[in-house]
Amino acid sequence: MREKIALTPQEAREKAAGAKIRRKNGYLYLDQPAQQRSNAAMREQALQAFVTKKPVQGVKGPTIVACIPRLDISRSVYAGYLHGVCLGVVKHFLKLMLTVRGPWNVSEYKDELDQFMKTIAPTDDICRLPRAVSDFAHWKGSE
């Protein structure tokens, strides 16, 4: 069961004034948290993804690691920090904070954030200098 997220007070005022509210649909899921997938289910999803050439519930296809005998891929293989957190979660939150209307939106502070990013002096072992927040769509995981 899911419940549609209510409009923010600002969106409600704008809608009452006749403005069209444009935002992505969001839902609160009221059911129990998802159960961990089984090894067999993930292998089946990998096969379906391979055949259809489209990801199936986040599984993009088979992995060579699945050939290891007695390996339970549902418990042993995970997204790494760089791709799962830096490029996944952080980039998603940045996108929401800069492009989606709501009380969390910080797009009006983009110039200040860009100036702050220019002041960061990374240590010598960091290869990439920080880029502007306004260019977050092109950020690499190391940024």
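## Salt bridges and surroundings in a predicted chain

A search of the whole structure finds 2 salt bridges, a salt bridge being a side-chain nitrogen of Lys or Arg within 4 Å of a carboxyl oxygen of Asp or Glu. The structure is a predicted model, in which local features need pLDDT of at least 70 and side-chain atom pairs count only at pLDDT 80 or more, while totals for chains, interfaces and linings use all residues. Residues are numbered from 1 along each chain as its sequence is written, and side-chain values use heavy atoms, with hydrogens and water left out.

**Charged pairs**

Side chains of opposite charge can pair when their charged atoms come close. Helices (H or I, at least four residues) and strands (E, at least two) are DSSP runs, numbered from the N terminus. Another salt bridge joins the side chains of arginine 131 and aspartate 135, at 3.1 Å from N to O.

Buried means under 20% relative accessible area, exposed over 50%, and partly exposed in between (1.4 Å probe, protein chains only).

| Residue | Relative accessibility | Class |
|---|---|---|
| Glutamate 14 | 18% | buried |
| Arginine 101 | 38% | partly exposed |
| Arginine 131 | 28% | partly exposed |
| Aspartate 135 | 25% | partly exposed |

**The chain as a whole**

The chain contains 5 helices and 2 strands, and its elements run β-α-β-α-α-α-α from the N terminus on. Of the 143 residues in the chain, 17% are buried. Among the contacts with a separation of 6 or more, 39% are between residues 24 or more positions apart; contact means heavy atoms within 4.5 Å.

Confidence is expressed as pLDDT, the predictor's confidence in each residue, from 0 to 100. The chain has a mean pLDDT of 83, and 88% of its residues reach 70 or more. Confidence is highest in helix α2 (residues 39-52), at a mean of 94, and lowest in strand β2 (residues 27-29), at 59. Where pLDDT is low, the predicted coordinates should not be read in detail.

**The loop between α2 and α3**

Lysine 53 lies in the loop between α2 and α3 (73-76). Its charged end sits over the ring of phenylalanine 50, 5.1 Å from the ring centre; the criterion is that NZ of Lys or CZ of Arg is within 6 Å of the ring centre and within 35 degrees of the ring normal. Lysine 53 is not a glycine, yet its phi is positive, at about 60°. With 68% relative accessibility, lysine 53 is exposed.

Glutamine 57 is found in the loop between α2 and α3. This residue, also other than glycine, has a positive phi near 50°, and glutamine 57 is exposed at 61% relative accessibility.

**Cysteines and histidine 83**

The count of disulfides is 0, a disulfide being a pair of cysteine sulfur atoms within 2.5 Å. Cysteine 67 is exposed, at 59% relative accessible area, and cysteine 127 is exposed, at 79%.

Histidine 83 is placed in helix α4 (residues 81-99) and is exposed, with a relative accessible area of 55%. Its C-alpha atom is separated by 9.9 Å from that of serine 142, a residue 59 positions away along the chain.
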